[in-house]
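Please keep the sequence and the model in view while reading.

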Amino acid sequence: MNLTRIHHVAIIASDYARSKDFYTRVLGLRVVAEAYREARDSWKLDLALPDGTQIELFSFPSPPPRTSRPEACGLRHLAFEVADVAASAAELESHGVAVEPVRVDEYTGRRFTFFADPDDLPIELYEAGA
């Protein structure tokens, strides 16, 4: 097996319109495709980062809530690399998004912080290395 990169991460939203606004307007992800799947009563929105990595945003009728944050078994959080964590956190806060204080990774020395999407999915901003 020769895995080369992550292609996409799938997220199920409780309020599709609210999450679509968050991921496109607040986070600035580019819309690749959007489709309503009538048989499943479900929307699917493909979003892309500049490197081609994609987020698939889904809606489903009455999805169960996330078990806990963030230490439930399974995917712990979604992390995005940014050039400047403090500037990115300030931009999120300008959109009314609560952001945790910036911390420093004790092993890498890089700065990071967390915030949540509209469904309380933990998202990390991790500062790129030089």
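Which side chain meets that of Glu100 in a salt bridge? The partner is Arg103, at 3.2 Å from N to O; a salt bridge here is a side-chain nitrogen of Lys or Arg within 4 Å of a carboxyl oxygen of Asp or Glu. The model is predicted, with local features requiring pLDDT of at least 70 and side-chain atom pairs pLDDT 80 or more, while totals for chains, interfaces and linings use all residues. Residues are numbered from 1 along each chain as its sequence is written, and side-chain values use heavy atoms, without hydrogens and water.

- Strands E7 (residues 111–116) and E8 (residues 122–127) run antiparallel and are joined by 5 bridges.

**Salt bridges**
- The count comes to 8 salt bridges.
- Arg111 and Glu127 meet in a salt bridge of 2.8 Å, N to O.
- Arg111 belongs to strand E7 and Glu127 to strand E8, so this pair ties together parts that are 16 residues apart in sequence.
- Lys44, Asp46 and Glu56 are linked in a network of salt bridges.

**Exposure**
- Glu127 is buried, at 14% relative accessible area, where buried means under 20%, exposed over 50% and partly exposed in between (1.4 Å probe, protein chains only).
- Arg111 is partly exposed, at 28%.
- Met1 is exposed, at 93%.

Terms used
Two strands pair if DSSP finds at least two bridges between them. Helices (H or I, at least four residues) and strands (E, at least two) are DSSP runs, numbered from the N terminus.
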